[in-house]
Amino acid sequence: MSDETKNENENDEQVEGGGADVPVRFDTKIAVLLRDDLETWQRLNVTAFLVSGLGTVLPELVGEPYEDADGTPYLPMFRQPVLVFEGGKEAVTAAHERASRRGLPTAVFTSDLFGTGNDRANRAAVAAVGKDQLDLVGIAVHGPRNAVDKVLKGARMHR
């Protein structure tokens with residue numbers, strides 16, 4: 001990473017966090033809300049799929065590539081934490097409706113996607129059902145902190 005790139009990244013974090021000695025506080029939030037009746041493997045799978053969508057359409061969420069002391073390169077990751085929440089089916093449905101109403105970037109995972117095997121089939125399964133009839137098992141959302149907090153009203157941090 002060049003010195004110029006390092007300085008740009010440090011300045012970004014200082015602007016958002018108030019300086020190098022102060023913990024970074026982001027103006028936005030990345031959150032995943034999972035239905036609380038999923039199996040452990042399903043929660044992990046759904047979370048991975050959901051957050052993958054955010055980084056592709058919001059490249060500003062992704063930081064610089066990583067590199068270890070030996071010079072081995074690694075892929076970049078989100079610049080800020082991903083908070084994972086859980087709630088009942090009603091909480092996920094309500095959060096989806098609130099995110100849609102606010103126009104926040106949202107990814108969805110429906111129960112139908114557990115039975116598909118590829119991206120084309122996944123998109124077809126979602127396209128076959130109206131927004132209000134989706135059997136949601138999880139959503140990911142990004143936006144201003146306060147807006148995301150309002151979307152997640154009634155959900156609790158994942159345990």
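Colleague: What is the order of the 5 strands in the open sheet?

Modeller: In this predicted model, the order is 5-6-1-4-7, with mixed pairing. Strands here are DSSP runs of E with at least two residues and helices are runs of H or I with at least four, both numbered from the N terminus, while residues are numbered from 1 along each chain as its sequence is written.

Colleague: What makes strand 5 and strand 7 edge strands?

Modeller: Two strands pair if DSSP finds at least two bridges between them, and strand 5 and strand 7 (156-157) each pair on one side only. Strand 1 and strand 4 (residues 82-87), by contrast, are joined in the parallel sense over 6 bridges, with L33 standing opposite F85 in strand 4.

Colleague: Which strands does helix 2 lie across?

Modeller: Helix 2 lies across strand 1, strand 4, strand 5 and strand 6, and runs at about 145° to strand 1; such angles, from 0 to 180 degrees, are taken between N-to-C directions of lines fitted to C-alpha atoms, for helices over the stretch in contact.

Colleague: Which residues touch the most other members of the largest nonpolar core?

Modeller: Among its 16 residues, they are V32, L34, V46, L50, L54, F109 and A140. The term covers buried Ala, Val, Leu, Ile, Met, Phe, Trp, Tyr and Cys residues joined through side-chain atoms within 4.5 Å. Helix 2 gives the largest share of this core, 4 residues. Beyond four places in sequence, F109 touches, among others, V46, F49, L50 and V137, where contact means heavy atoms within 4.5 Å.

Colleague: Why is V129 called partly exposed?

Modeller: Its relative accessible area is 27%, and buried means under 20%, exposed over 50% and partly exposed in between (1.4 Å probe, protein chains only), so V129 belongs to the intermediate class. V129 lies in the loop between helix 4 (119-127) and strand 6, and, leaving aside neighbours within four places in sequence, is in contact with D112 and L134.

Note on methods. This is a predicted model: local features need pLDDT of at least 70, side-chain atom pairs count only at pLDDT 80 or more; totals for chains, interfaces and linings use all residues. Side-chain values use heavy atoms; hydrogens and water are left out.
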